Amino acid sequence: MRVFLDANILFTAVATPDGWSALLIDNARKGGIPLVTCDLAVEEAGRNLRAKAPARADSLASLLGQFEIVPTVATGKCPVDLPEQDVSILLSAMAAQATHLVTGDFKDFGRWMNNPRRTGGVVIQSVADFLRSV
């Protein structure tokens, strides 16, 4: 198992350190599950933290010490229809050989959740679905 986290999960884990996203990261770390994200997700999470939770923004760097950060894959053939930025997230997860992509973006990823046959073999899940499945 190898878990890729989207920017909104990074943001939520830092902004709400006693929430489900932080629990997912803590459980993965304790269970030896590799966590991965891409530089695009890190940039977005940092930008949103500085804008919406500036008192917590500095905590992102220490959280990322638990992650492998891979380069963003900006172009390529995406197996499903997604907005451009989300294409980069899914392609980056695929390139990182993630088994799971955890996101809170139900608007764009919702119809593709829990359907790895359609999503390049990556299981896209919400935090709650992922926590229930492990």
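## Nonpolar core

In the largest nonpolar core, which has 47 residues, Phe4, Leu5, Leu10 and Leu90 touch the most other members. Helix α1 gives the most to this core, with six residues. A nonpolar core is a set of buried Ala, Val, Leu, Ile, Met, Phe, Trp, Tyr and Cys residues joined through side-chain atoms within 4.5 Å. Buried means under 20% relative accessible area, exposed over 50%, and partly exposed in between (1.4 Å probe, protein chains only). Helices (H or I, at least four residues) and strands (E, at least two) are DSSP runs, numbered from the N terminus.

The model is predicted: local features need pLDDT of at least 70, side-chain atom pairs count only at pLDDT 80 or more, and totals for chains, interfaces and linings use all residues. Residues are numbered from 1 along each chain as its sequence is written, and side-chain values use heavy atoms, with hydrogens and water left out.

Not counting residues up to four places away in sequence, Leu10 touches Leu5, Thr37, Ala41, Val42, Ala45, Leu60, Leu63, Leu64 and Phe67. Contact here means heavy atoms within 4.5 Å.

## Packing of α1 and α3

Helix α1 (residues 7-15) packs against helix α3 (residues 39-52) at an angle of about 40°, and their axes are 8 Å apart. Axes are lines fitted to C-alpha atoms, for helices over the stretch in contact, and angles run from 0 to 180 degrees between N-to-C directions. The angle makes α1 oblique to α3; angles under 35 degrees count as roughly parallel, over 145 as roughly antiparallel, 65 to 115 as roughly perpendicular and the rest as oblique.

On the α1 side, the contact is made by Ala7, Leu10, Phe11, Val14 and Ala15, and on the α3 side by Ala41, Val42, Glu44, Ala45, Asn48, Leu49 and Lys52.

Ser92 is in helix α5 and is buried, with a relative accessible area of 1%. Leaving aside neighbours within four places in sequence, Ser92 is in contact with Phe4, Cys38, Val70, Pro71, Thr72 and Val73.

Ala96 lies in the loop between α5 (84-95) and β4 (100-102). Ala96 is buried, at 8% relative accessible area. With neighbours within four places in sequence set aside, Ala96 contacts Arg2, Val36 and Val70.

## Positive phi

Most residues other than glycine have a negative phi. Gln97 has a positive phi, near 60°; this residue is in the loop between α5 and β4 and is exposed, with a relative accessible area of 65%.

Asn114 also has a positive phi, of about 55°. Asn114 is in the loop between α6 (106-109) and β5 (123-125) and is partly exposed, at 40%.
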